[in-house]
Amino acid sequence: MRISVEVNGERHEAEVEPRTLLSDFLRHDLGLTGTHVGCEHGVCGACTVQVDGEPVRACLMFAVQADGRAVRTVEALAVDEQTLHPLQRAFHAEHALQCGFCTAGFLMSLEPFVRDRPDASEEEIREALAGNLCRCTGYEPIVAAVRRAAAELQGGAG
């Protein structure tokens with residue numbers, strides 16, 4: 001099937017098999033390897049991207065379902081190569097990543113959350129994290145990173 005998808009602000013036209021997963025299309029056809037594939041069941045969240053601004057599991061969506069839509073991957077999160085997104089800076093500052101496998105999924109899940117809920121409580125942050133699994137950090141640094149990024153986005157020091 002022929003699809004036309006905007007990925008990270010750039011239009012891509014491609015022929016894909018109807019069964020091609022969005023995660024495979026992004027990684028193998030477009031070379032955007034920041035989208036990781038973990039469980040392939042939508043449980044771990046490592047493959048999370050944004051479709052029309054909302055987090056989705058790329059391992060549960062077919063590429064043909066993205067036809068005519070806007071997809072954003074972790075590669076587009078930073079403003080440019082020198083300027084990281086506040087969440088990326090906060091993850092670094094708070095040591096909220098270790099192996100990094102889950103990080104892209106966390107970032108793509110949390111970016112709309114932090115944007116829409118910069119004043120979220122710790123309980124709400126933990127609820128927002130519930131759809132992503134990390135086997136390294138124990139989540140405390142991730143919660144701290146979300147708080148730091150939210151403060152920065154609100155104009156605070158973090």
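## Strands and pairing

Two strands pair if DSSP finds at least two bridges between them. Strands here are DSSP runs of E with at least two residues, helices are runs of H or I with at least four, and both are numbered from the N terminus. Keep in mind that this is a predicted model, where local features need pLDDT of at least 70, side-chain atom pairs count only at pLDDT 80 or more, and totals for chains, interfaces and linings use all residues. Residues are numbered from 1 along each chain as its sequence is written, and side-chain values use heavy atoms, leaving out hydrogens and water.

## The sheet

Let's start with the open sheet: 5 strands in the order β2-β1-β5-β3-β4, with mixed pairing. At the edges sit β2 (10–15) and β4 (54–57), each pairing on one side only. From one strand to the next, the twist averages 40°.

Now zoom in on β3 (residues 48–51). It runs antiparallel to β5 (residues 70–72), joined by 2 bridges, and Val 51 stands opposite Val 71 in β5. β3 and β4 are antiparallel too, with 4 bridges between them; Val 49 has Val 56 of β4 as its bridge partner. The hairpin of β3 and β4 has 2 residues between the strands, and Asp 52 there takes a positive phi near 50°.

## Helices on the sheet

Which strands does helix α1 touch? Helix α1 (residues 22–29) packs against β1 (2–7), β2, β3 and β5, and its direction makes about 100° with that of β3. Helix α3 (residues 103–116) lies across β3, β4 and β5, at about 35° to β3. Contact means heavy atoms within 4.5 Å. Axes are lines fitted to C-alpha atoms (for helices, over the stretch in contact), with angles from 0 to 180 degrees between N-to-C directions.

## Where α2 meets α5

The axes of helix α2 (residues 86–93) and helix α5 (residues 140–153) come within 8 Å and cross at roughly 135°. That makes α2 oblique to α5 (under 35 degrees is roughly parallel, over 145 roughly antiparallel, 65 to 115 roughly perpendicular, and the rest oblique). Among the residues making the contact are Phe 91 of α2 and Leu 153 of α5.

## An aromatic pair

The structure holds 1 aromatic pair: Phe 106 and Tyr 139, edge-to-face, 6.2 Å centre to centre with 65° between the planes. Rings of Phe, Tyr and Trp (its six-membered ring) pair if their centres lie within 6.5 Å; planes under 30 degrees apart are stacked, over 60 edge-to-face, and the rest tilted. Phe 106 is in helix α3 and Tyr 139 in the loop between α4 (122–129) and α5, 33 residues apart.
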